[in-house]
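Today I am looking up how two parts of one chain sit against each other. Here is the model I had open while I wrote.

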Amino acid sequence: MFKILKKEKLAPLVFGFEIEAPEIARKAKPGQFVVLRIDELGERIPLTIYDFNEKNSSISLIFQEVGKTTRQLASLSRGDFIGDVVGPLGKPSEIKNFGTVVCVAGGVGAAVIFPIARALKKAGNRVITILGARNKELLILEKELSSISDDFFITTDDGSKGKCGVCTDILEGLIEGGQEINRVIAVGPAIMMKFVCETTRPHGIKMIVSLNSIMVDGTGMCGSCRVTVGGETKFCCVDGPEFDGHLVDFDELMNRQKMYLEEENTSLKEHEAKELKKGKCGCKRDK
Ligand SMILES: Cc1cc2nc3c(=O)[nH]c(=O)nc-3n(C[C@H](O)[C@H](O)[C@H](O)COP(=O)(O)OP(=O)(O)OC[C@H]3O[C@@H](n4cnc5c(N)ncnc54)[C@H](O)[C@@H]3O)c2cc1C
Ligand code: FES
């Protein structure tokens with residue numbers, strides 16, 4: 001059992017947890033993730049290790065409430081326990097002094113990019129960060145990311161903060177302005193990563209993406225996280241989650257992400273019905 005030491009609300013549907021997990025905290029590296037299960041009847045979901053503190057024997061996770069399990073997770077409080085947390089899983093990010101690295105984060109992708117950007121900065125890179133969200137309410141980790149970046153840009157789709165537009169507008173501006181860029185790392189919705197890759201491809205800039213495919217066991221056994229990279233089948237949980245973005249078949253990834261949409265909706269509705277029965281669900285969203 002893994003105790004929640006701290007809970008924080010970072011945006012309307014985004015929460016941060018600090019969890020007691022000494023073994024994971026001791027081994028975790030930037031870019032790795034855990035697979036957790038709230039209780040023995042729960043489904044397994046992967047979440048990135050946002051931070052790890054060996055001294056406190058704890059790891060931090062940041063998650064967005066998007067469906068049944070993340071909603072259930074958000075209903076837990078400080079002092080509650082999570083049944084299983086397995087990790088660290090996945091290959092750590094490649095951290096070296098590459099020169100100038102542009103980190104592009106969309107929405108909750110900021111939680112994935114932060115430990116990577118921080119390690120890259122520590123390794124001597126010039127770090128440029130572009131943080132994008134639909135609107136200013138959905139921007140997270142602004143202070144944390146700007147504190148470890150040499151240059152920091154914000155974009156919002158509705159213009160409520162930073163530049164009105166999408167992350168690729170800033171990236172295009174940097175490339176066209178002659179900024180030397182040795183590597184770009186993008187984390188966010190698959191469609192955003194696809195467009196970042198299309199922006200860097202004509203310029204031959206090394207491009208890394210962290211893929212959010214559906215995962216179950218997280219250890220290469222079930223095949224649910226299968227992705228095609230450079231025409232080869234890879235398992236995101238053991239071969240990734242980071243890959244050369246120019247080689248990823250994003251259309252296949254996006255199709256596979258929708259594979260269980262019907263089951264996910266049913267599961268969320270059943271969960272809401274149970275919570276309503278218990279008089280717990282304060283959700284006012286359209287069903
Ligand atoms: C390596 C990795 C790291 C991730 N890190 C984070 C993170 O740090 N913070 C965060 O908010 N989200 C992260 N995600 C996404 C997160 O796992 C999903 O949002 C979560 O599983 C949704 O579960 P749900 O039951 O609440 O929603 P559901 O209603 O079940 O699903 C909503 C959507 O989430 C995705 N999803 C559902 N189940 C899974 C699953 N088992 N594995 C992967 N995706 C799934 C699908 O696209 C689905 O359509 C990560 C995903 C991967 C693969
Ligand atoms: S999650 Fe099962 S093989 Fe990757």
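By buried area I mean the accessible area (1.4 Å probe) that two parts lose on being put together, summed over both. My model is a predicted one, where local features need pLDDT of at least 70 and side-chain atom pairs count only at pLDDT 80 or more, while totals for chains, interfaces and linings use all residues. I number residues from 1 along each chain as its sequence is written, letter chains from A and number ligands from 1 in the order in which they are written, and take side-chain values from heavy atoms, leaving out hydrogens and water.

**Entry 1, the two domains.** I find domain 1 at 2-89 and domain 2 at 100-257, with bounds from an automatic or database domain assignment. Their C-alpha centres lie 21 Å apart.

**Entry 2, the interface.** I looked up the area buried between domain 1 and domain 2 and got about 1,600 Å², with 70% of it from carbon and sulfur atoms. In contact (heavy atoms within 4.5 Å) are 18 residues of domain 1 and 20 residues of domain 2.

How many salt bridges does the rule find across the interface of domain 1 and domain 2? I get one, taking a side-chain nitrogen of Lys or Arg within 4 Å of a carboxyl oxygen of Asp or Glu. I also noted that the side chains of D51 and R118 form a salt bridge, at 2.9 Å from N to O.

Strands here are DSSP runs (E, at least two residues), numbered from the N terminus. I see that β1 (2-11), β3 (33-37), β4 (45-48) and β6 (58-64) each supply at least two residues of the side that touches domain 2. β6 gives the most, with three residues.

Methods:
Helix = DSSP H or I, 4+ residues; strand = E, 2+ residues; numbered from the N terminus.
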